[in-house]
Amino acid sequence: MKVLIMGLRAAGKTSLVKHVFEGKDWDDVKNLEPTEFVSTKTYKYRGLLEVTTFDVGGQKQFIYKYFTDQWSGKIFSNVGAFFFVVDSSNKETIDEAKQEYLKALEYLKKYSPNARIFVLASKYDIKKISIKEIRKIFGNHNVVVEATSIPEGTARTVVCKLLDSVLSKEAKEVAEKIHKILAKFNKKQKALASFILNKGDGLEIASAISKELINPKKLKYVSAKSLIKPIETVRTMFSQLRKSGYITFDTADLALWHIKREYIAVYNISDEIAMFSILKERDFKLGKLLSSLQEIKEKVLKILS
Ligand SMILES: Nc1nc2c(ncn2[C@@H]2O[C@H](COP(=O)(O)OP(=O)(O)OP(=O)(O)O)[C@@H](O)[C@H]2O)c(=O)[nH]1
Ligand SMILES: [Mg+2]
C-alpha cells in the first residue's frame, strides 16, 4: 500500500516515518535533516502490511513541484492512505498548511479517489493550537484528525491505530492464526504472555495473554526493538568465542532475562521476526521451552510464508 505523507517544512513527517516504521525512539529522530524532494521506502508494517512511504519534503522549493504535470501523477496516484501532518506548535503557518492541504485533496480526488485521509496534529507536546481548532480547520465527515507527540509517546499509538484500520481481512486472519498458536504455547508452558514481533518496527504481529494476568495494560503499540537488539549485538563477541574455539556456532537464537519471579525469553525466528515470552520462574523448564519454540518457529514461518 502506498502511504503518502505531506505537510509543510519541519512539520515532523520524517520523524514520524522513522518512529513508526523503523521503531526509532525520540532520541534517535531528534536531529533529522530536512527531506530533499521525495523520499520513498518500503516497510513491512507489523509484518502484516507492505507499505511504501512517500515522505515528501515540505520546503517551498519542493512543494510547488508536486503539483506540476511532471510530478503530480507520480506522487498522487495509487495512494492507499494519505497523512497530512500539521505542526500544532506553529500558529503562523496554519493558513499556509491549509492551502497545501486543500490542494493535495484536490489532486487526491483526481488520482486516488479511494485514498483514506488522515490529518495529524504533530508536536502536541508543545502545541499552540488545540486539537479542537485543528479539527475545525482540517476536519470533515470523512477525514480523521488526531494529535500526536513523539516524546510523549502518543504518536506511535495514534498512527498504528489508523494503519490497523486499513489492514486487509487476510492480514487480520494471519494475525489471528498466530494468536491461536501463541495461546496454545502459553497454556503448555504456563507462560503469562507471548508476542511474535516484526523486527523492523519492533511491533507485534500477534500476541496472546494468559487469563492469569488480571487487566494487564495492552502492549500492542509498544515497539520492543530494545528487547531484540542484544541478540544481534552480541554477535561480534560470539564470533570471537567461536574463532577461539569456545563455541561451535556464533548466532544466538535464545536470550533469557531473569527478573525475580519471571523469565523473559527472546527467541530469534528469522531475519524478519522474533518472539518474546514472559514465563513464571516456578514453572520454568529450559528443555521443554526450547522444543516448544522450535515448533512455534516452524508453524509461524509457514503461516507468514
Ligand atoms: N516537540 C516535538 N518536536 C517534534 C516532534 N516530531 C518532530 N519534531 C521536531 O520537528 C522538527 C522537524 O522534523 P522532521 O521530521 O524533520 O520534519 P519534516 O516534516 O520531515 O520536514 P521536511 O523534511 O523539511 O519537510 C525536528 O526538529 C523534530 O525533532 C514531536 O512530536 N514533538
Ligand atoms: Mg522530512
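What follows is a walk through a predicted model, stop by stop.

**Stop 1: the two domains**

Colour residues 2-164 as domain 1 and residues 169-304 as domain 2. Their C-alpha centres are 33 Å apart. To see where the two domains meet, look for a contact that takes 14 residues from domain 1 and 15 residues from domain 2.

**Stop 2: the nonpolar cores**

Now select Phe21, Tyr45, Phe83, Leu120, Ile196, Met275 and Ile296 and show their side chains. These residues have the most contacts inside the largest nonpolar core, which has 52 residues. In soluble globular proteins, nonpolar side chains tend to be buried together.

Zoom in on Phe83. Which residues is Phe83 in contact with, leaving aside its neighbours within four places in sequence? The contacts are Val3, Leu4, Ile5 and Met6, then Phe118 and Leu120, and finally Val159, Leu162 and Leu163.

Next, select Ile63, Tyr101, Ile117 and Val145. They are among the 35 residues of another core, which lies apart from the largest one.

**Stop 3: Ser122**

Select Ser122, in strand E5 (residues 116-122). Is Ser122 buried or exposed? Ser122 has a relative accessibility of 3%, so it counts as buried. Show the residues that Ser122 touches, not counting those up to four places away in sequence: Ala11, the residues Val85, Val86, Asp87, Ser88 and Ser89, and also Thr148.

**Stop 4: Pro113**

Move to Pro113, in the loop between helix H5 (94-111) and E5. Pro113 counts as exposed, because its relative accessibility is 59%.

**Stop 5**

The model has 16 salt bridges when a Lys or Arg side-chain nitrogen must be within 4 Å of an Asp or Glu carboxyl oxygen. Side chains of opposite charge can pair when their charged atoms come close.

Select Glu22 and Lys41, whose side chains form a salt bridge with an N to O distance of 3.4 Å. Glu22 is in the loop between helix H1 (13-21) and helix H2 (26-29), and Lys41 is in strand E2 (residues 38-45), so the pair ties together parts that are 19 residues apart in sequence. The relative accessible area of Glu22 is 10%, and Glu22 is buried. Lys41, with 39%, is partly exposed.

**Stop 6: Lys280 and its partners**

Select Lys280 and then Glu212. In the salt bridge between Lys280 and Glu212, the closest N and O atoms are 3.0 Å apart. What does this pair tie together? Lys280 is in strand E11 (residues 273-280) and Glu212 is in the loop between strand E8 (204-209) and helix H9 (225-233), so the pair ties together parts that are 68 residues apart in sequence. Lys280 counts as buried, at 10% relative accessibility.

Glu212 is partly exposed, with a relative accessible area of 47%. Leaving aside its neighbours within four places in sequence, Glu212 is in contact with Leu192 and Lys280. Now draw a C-alpha to C-alpha distance from Glu212 to Ala252: the two residues are 40 residues apart along the chain, and their C-alpha atoms are separated by 31 Å.

**Stop 7: a nonpolar surface patch**

Finish with a surface view and select Leu256, Leu286 and Leu290. These residues make a nonpolar surface patch of about 230 Å². Leu286 is in helix H11 (residues 286-304). At 39% relative accessibility, Leu286 counts as partly exposed.

Technical notes:
Residues numbered from 1 in each chain as written. Chains lettered and ligands numbered in written order. Predicted model: local features only at pLDDT ≥ 70, side-chain atom pairs only at ≥ 80, totals over all residues. Heavy atoms only, no water. Patch = residues over 30% accessible without salt bridge, like charges linked within 9 Å, V, L, I, M, F, W, Y side chains within 5 Å. Areas by Shrake-Rupley, 256 points an atom, 1.4 Å probe, with all protein chains shown as cover. Helix = DSSP H or I, 4+ residues; strand = E, 2+ residues; numbered from the N terminus. Buried < 20%, exposed > 50% of the residue type's maximum accessible area, 1.4 Å probe, protein only. Core = buried A, V, L, I, M, F, W, Y, C linked by side-chain atoms within 4.5 Å. Contact = heavy atoms within 4.5 Å. Domains from an automatic or database assignment.
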